Amino acid sequence: MTDLNYSDYKILIVDDISEKVGVLRIILDGEGYSIAVAQDGKSAIKLAEEIVPDLIILDVNLPDMDGFETCKILKQKKKFKETPIIFITGGNQNDQVLKGFEVGGVDYILKPFHYLEVCARVKNHIQISHLLKNQKILINDLKKANKHLHSASRTDPLTGLPNRRDLWEKMGDEIVRFHRSKSTFSIIMTDIDNFKLINDHYGHNAGDYVLTEIAKIFNSNCREQDKPGRWGGEEFLIILPDTKVQGAVILAEKIRNQIEAHDFIYNDIKIKSTMSFGINSYNEVLTMGECLKVADEYMYQAKNLGRNRVVSVSS
């Protein structure tokens, strides 16, 4: 185990007999710990709230409330749930030892004190506490890393929109919801018109800029429950829960008009772009793939009809 800097650790001694406190302070000061002292249960609880000790040494016999009651009160507080509490007890008092464990104590020190025993028991629990804290930090770091990986695996790195995997999963969820509650949902399949010409004429960085700006337009027009995402390349999919074809057409036309009117300014160059849209609503006779295929076919109809338009079953 890596050597610990024991001066970083605070120990609270709770005892009303100054001679015992003096002995413990001499022993623990010699090991480098930072020591605080309280003489009764109430002042111990108050002082613990202020300094948040790393370990508490608690005598069973106190003038106001006994050490067991003091321990129970401390352990009810979230910040002391995992603070090790070592009881001071007399020899041949097994009932006190057992009760100390029952109320949340982790160990006991017998009177009269033995230097090596006190050092060993305190050091042992300080080290365990240190390991548990580091373990918690590691677990939290792993949780954050897993959360980041989960998000990254479902996010398009260029536009920040959900990727194909995430869209596929979301659409599956909507199909399950449809069969459970008959809640209609629609999808919009859309593709940037002549995107290759933008890349060829202005460069791929300009093309990437157009993609990111279009993603912003999607986000600014969609509801919180909607799911706009990048399906692949210059193709996007928008999943619209609780939406019939007519509502999807209205949204698609709104987005289409905004993109047509938008000036994409890249390196002081104005780039114009349009998109073609295909819309379909899910029904019980369709598979997920069939629903997507129909929307895709409507989108290519829009392109064949001259691009920059919306095509749906109601067109």
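This is a predicted model: local features need pLDDT of at least 70, side-chain atom pairs count only at pLDDT 80 or more; totals for chains, interfaces and linings use all residues.

Student: Why is C222 called buried?

Tutor: Buried means under 20% relative accessible area. C222 has 15%, so the label applies.

Student: What makes C291 buried?

Tutor: The cut-off is again under 20%. C291 has a relative accessible area of 0%, therefore it counts as buried.

Student: What makes K20 and D15 a salt bridge?

Tutor: The rule asks for a side-chain nitrogen of Lys or Arg within 4 Å of a carboxyl oxygen of Asp or Glu. The closest N and O atoms of K20 and D15 are 3.0 Å apart, so the pair meets the rule. K20 is buried at 11% relative accessibility. D15 is buried too, at 1%. By this rule the model has 24 salt bridges.

Student: Why is R121 called partly exposed?

Tutor: Partly exposed lies between buried, under 20%, and exposed, over 50%. R121 has 24% relative accessibility, so it gets that label. E117 has 22% and is also partly exposed. R121 and E117 form a salt bridge, with the closest N and O atoms 2.9 Å apart. Both lie in helix α5 (residues 115-152), four residues apart, about one turn of the helix.

Student: How do you know that R154 and E169 meet in a salt bridge?

Tutor: Their N to O distance is 2.9 Å, and the cut-off is 4 Å, so they qualify. This pair links distant parts of the chain: R154 sits in the loop between α5 and α6 (164-181), and E169 in helix α6, 15 residues apart. R154 counts as buried at 12% relative accessibility, whereas E169 is partly exposed at 38%. Salt bridges with shared partners join R154, D166, E169 and K227 into one network.

Student: What makes β7 and β12 edge strands?

Tutor: The open sheet has five strands in the order β7-β8-β6-β11-β12, with mixed pairing. β7 (227-232) and β12 (310-312) each pair on one side only. The twist averages 20° from one strand to the next.

Student: What joins β6 to β11?

Tutor: Seven bridges do, between antiparallel strands β6 (residues 185-192) and β11 (residues 275-281). Two strands pair if there are at least two bridges, so seven is enough.

Methods:
Residues are numbered from 1 along each chain as its sequence is written. Side-chain values use heavy atoms; hydrogens and water are left out. Buried means under 20% relative accessible area, exposed over 50%, partly exposed in between (1.4 Å probe, protein chains only). Axes are lines fitted to C-alpha atoms, for helices over the stretch in contact, and angles run from 0 to 180 degrees between N-to-C directions.
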